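Below are some notes for a colleague who is opening this structure for the first time. Please read them with the model in view.

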Amino acid sequence: MSITVRPYESRDWDDIRRIHDAARLDELGGAGLLDAYLDLEATYENEGLFDDEVFVAELDGRVAGFIAGSSDEITWAYVDPGLYRRGIGRALVQHMLDRATGPVELEVLEGNSARAFYEAVGFVWESTTTGKLAGNESFQATGHTLVWRPATG
């Protein structure tokens, strides 16, 4: 089992769309917001998927997840639900943290089980807010801002 992380290429679109659409159901289900579901095709432009860098993880040569963001923020992170708990999310997040120049921030919905994962890799709770759900603003959602800070030494 080999995981590699590389920059997104246009040929990856169908894979990341499939992964997002399946994993987004888990994310929204945990938050009690399944009615707010929209697929990637409907949301990627308004949510700025390609505003920052996008990377994909391959497991044995097959796209298994993707992440997007900058040196100080993770804006998208999804893993194929059939491949959870195999190190793919950890490889993607670590790739972003390795590129960080300081603290890295992300948002996680209330009830999303990914929060425990992010805390296990070193993110800590910073704040909680309630407002419009990114990607489907007709719904209200509560989100937590988590921050990772590089070790000082």
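1. How much space lies in the largest pocket? About 1400 Å³ lies there, where a pocket is an open set of points on a 1 Å grid over the protein atoms alone, at which a 1.4 Å probe fits, with protein on both sides within 12 Å along at least five of seven lines. The model is a predicted one, in which local features need pLDDT of at least 70, side-chain atom pairs count only at pLDDT 80 or more, and totals for chains, interfaces and linings use all residues. Residues are numbered from 1 along each chain as its sequence is written, and side-chain values use heavy atoms, with hydrogens and water left out.

2. Of the 45 residues lining the largest pocket (those with an atom within 4 Å of a point), the closest to its centre are Glu-27, Ala-77, Asn-112, Ala-114 and Tyr-118. Strand E4 gives the most to this lining, with seven residues, and the elements that give two or more also include helix H1 (13-30) and helix H3 (88-99).

3. In H3, the buried residues are Ile-88, Gly-89, Leu-92, Val-93, Met-96 and Leu-97. An α-helix has 3.6 residues a turn, so residues three or four places apart point the same way.

Notes. Grid points are joined across faces, edges and corners, and a volume is the space filled by probe spheres set on the points. Helices (H or I, at least four residues) and strands (E, at least two) are DSSP runs, numbered from the N terminus. Buried means under 20% relative accessible area, exposed over 50%, partly exposed in between (1.4 Å probe, protein chains only).
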